[in-house]
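Biologist: I would like a close look at a single part of this model. Please keep the account plain and give the cut-offs as you go.

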Amino acid sequence: PNYELKGLGGRSTVGKDMSKNGKVSLSYKYEDIYLSHVKDTTELKDKLKGNTRSLRVRFVHDSRDNQFNTKTGTFSEFNCESAGGFLKGTNTFVKLTMEERYFFHLKKSPLIISGIRFFAGWMDNFGKSKSIPLNERFYAGGSGSIRGYDRREVGPKVDGNIPKGGK
């Protein structure tokens, strides 16, 4: 709702199963982005193009009974991503995210499955970046995060209406 994004890039990942339920992976991301129709550029200082070169370490523990039709179990994920620095690129930031999902039967009705999801993240810029790119920021709202709200409706806004994204 606050910008258009055009980009080109990719991600390469290698991983290893550490146990029956645990996995670890390392990813390299190479991405060039171009922002247009940005409704607010005060924080961006008219930096509408950039590139991200990052490494991400991901740890996953998945004890769900079925990945596609889950009835019981947990899913835990922790990510640590660092962009810029020795990898070059114009965008320099560190991003940490954690997600936890818990699925269970309700005792009075075993046919009803309930699920709880918790997601938390933190990020900050460093080095030559003055701000975090709009497409890397955290946004909330919509069917993938907080249902009942429109996409990107929850969180910091500029001019009371334009989603700013969060750190």
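In what sense do β3 and strand β4 pair, and over how many bridges? Please go on from there to the part around Lys 23.

Modeller: β3 and strand β4 (residues 73-83) pair in the antiparallel sense over nine bridges. Strands here are DSSP runs (E, at least two residues), numbered from the N terminus, and two strands pair if DSSP finds at least two bridges between them. This is a predicted model, in which local features need pLDDT of at least 70 and side-chain atom pairs count only at pLDDT 80 or more, while totals for chains, interfaces and linings use all residues. Residues are numbered from 1 along each chain as its sequence is written, and side-chain values use heavy atoms, with hydrogens and water left out.

Strand β3 (residues 49-62) also pairs with β2, again antiparallel, over 13 bridges. Within that pairing, Gly 22 has His 61 of β3 as its bridge partner. On the β4 side, Val 60 stands opposite Glu 77.

Lys 23 lies in strand β2. Lys 23 counts as partly exposed because its relative accessibility is 46%; partly exposed lies between buried, under 20% relative accessible area, and exposed, over 50% (1.4 Å probe, protein chains only). Leaving aside neighbours within four places in sequence, Lys 23 is in contact with Lys 16, Asp 17, Met 18, Arg 58, Phe 59 and Val 60, where contact means heavy atoms within 4.5 Å. The C-alpha atoms of Lys 23 and Glu 77 are separated by 9.6 Å, and the two residues are 54 apart along the chain.

Leu 26 also lies in β2 (residues 22-36), and at 40% relative accessibility it counts as partly exposed.

Methods: Helices (H or I, at least four residues) and strands (E, at least two) are DSSP runs, numbered from the N terminus.
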